[in-house]
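Okay, everyone, thanks for coming.

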Amino acid sequence: MLATTRQKRANAGNRMATLLENEEADDFYSSAYGGFQDEADDVEYSEEEEESEDTDSDISLDEKDEPVSDPEEEEKAKRKHRVVTKAYKEPPKMKVKKEAKKVAFKMEPVASASAPVVEKKQMRESTTLKSLEAKQRTQAKENKKSQESKKKQPENYPLTQEQLLEEAKITELKNLKSLEMFQRLELEKKKTKLAKHACTEPMIRYHSVAMPLVEVVEDENKKQENIVVGRCTRNFITFPDENTMKEYFNFEKPKPVTKSTCIVTRMPARYFDPLTKQPSANLTAFRIIREAYYTQLEKKVDSRLPHVAKWLEWRKQMKAAKQSNKNIKTH
């Protein structure tokens with residue numbers, strides 16, 4: 001509290017200033033590692049520009065030719081750009097200061113007698129003109145594209161109050177028309193009612209009903225009583241009339257299938273003649289049935305018809321052949 005409230009003395013800090021003036025300089029900062037004091041003539045090193053020995057030739061360069069680089073020239077260029085810096089030296093043991101001189105070594109290019117000197121080639125005037133024309137074309141295309149993009153961008157100007165009111169009137173008319181159309185469609189929907197088509201054809205219905213389960217119980221006096229034990233399900237099928245029921249549920253017993261018998265031998269038939277529609281047991285029975293059929297045709301058929309006359313002649317020939325065969329067998 002006293003340090004902040006009391007007044008400052010007039011001779012404050014005089015003793016500290018005298019002590020600093022009387023203090024001796026330390027030899028460490030002047031002798032160690034060559035001294036830390038800056039020299040007056042110490043200037044930063046700057047590169048020296050060397051004269052270029054490259055010469056341009058008057059030889060014309062073909063469009064397809066490419067310039068060839070010499071590896072020795074590349075090494076020379078690297079040597080030219082090398083920076084010579086001050087090498088590190090150990091500090092002297094003596095207290096006497098020795099100024100280190102900065103020496104910049106200039107590396108001169110050594111001309112090799114064996115390597116041929118490659119001269120730079122100039123480009124033709126035609127190639128330069130073509131390159132300029134190509135640049136002009138690309139620049140013209142870019143200018144056209146920039147102009148087209150500027151034209152395409154629509155200019156949006158703020159509308160005035162009158163223009164806004166006109167647009168509002170147009171939108172109001174459009175909204176009124178759309179509202180009228182919507183109201184008409186709604187009225188048409190209400191008018192058109194879906195007509196339910198009644199099924200007039202006969203219908204078969206399936207009913208599943210829950211019913212009480214009744215059991216008959218006898219008392220001591222042997223009287224029967226119906227007692228409800230629980231509930232059960234009953235399924236019913238209803239038909240509109242009796243004819244449809246008979247059509248789907250045939251209550252008549254089917255007739256047993258009778259096996260056909262041969263009319264000649266009375267044996268079970270194995271064959272069926274499609275012409276006479278008669279069953280036959282074997283080949284002899286089949287021939288007998290056909291012969292009886294042909295004899296009936298001869299009596300009933302009109303012989304005046306040409307095709308019938310031919311058939312009758314064929315029948316006579318067949319009979320004669322059969323008779324001759326029988327006579328041969330008997331003899």
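So, helix 8 and helix 9 are oblique to each other, and oblique here is what's left once you take out angles under 35 degrees (roughly parallel), over 145 (roughly antiparallel) and 65 to 115 (roughly perpendicular). Helix 8 covers residues 283-300, helix 9 covers residues 306-330, and the two pack at about 135° with their axes 12 Å apart. Those axes are lines fitted to C-alpha atoms over the stretch in contact, and the angles run from 0 to 180 degrees between N-to-C directions. Helices are DSSP runs of H or I, at least four residues, strands are runs of E, at least two, and both are numbered from the N terminus.

Quick housekeeping: this is a predicted model, with local features needing pLDDT of at least 70 and side-chain atom pairs counting only at pLDDT 80 or more, while totals for chains, interfaces and linings use all residues. Residues are numbered from 1 along each chain as its sequence is written, and side-chain values use heavy atoms, leaving out hydrogens and water.

Which residues make the contact between those helices? From helix 8 you've got Glu291, Tyr294, Leu297 and Glu298, and from helix 9 Trp311, Leu312, Arg315, Lys319 and Lys322, where contact means heavy atoms within 4.5 Å.

Now the rings. A search of the whole structure turns up two aromatic pairs; rings of Phe, Tyr and Trp (its six-membered ring) pair if their centres lie within 6.5 Å, and planes under 30 degrees apart are stacked, over 60 edge-to-face, the rest tilted. Tyrosine 293 and tyrosine 294 have ring centres 6.1 Å apart and planes at 50°, so that pair is tilted. Tyrosine 294 also pairs with tryptophan 311, edge-to-face, at 5.9 Å centre to centre and 65° between the planes. Put together, ring pairs link Tyr293, Tyr294 and Trp311 into a cluster.

Is any of that buried or exposed? Tyrosine 293 is partly exposed at 27% relative accessible area, and so is tryptophan 311 at 23%; buried is under 20%, exposed is over 50%, and partly exposed is in between (1.4 Å probe, protein chains only).

Last stop, leucine 213, in strand 3, residues 205-218. Leucine 213 is partly exposed too, at 32%.
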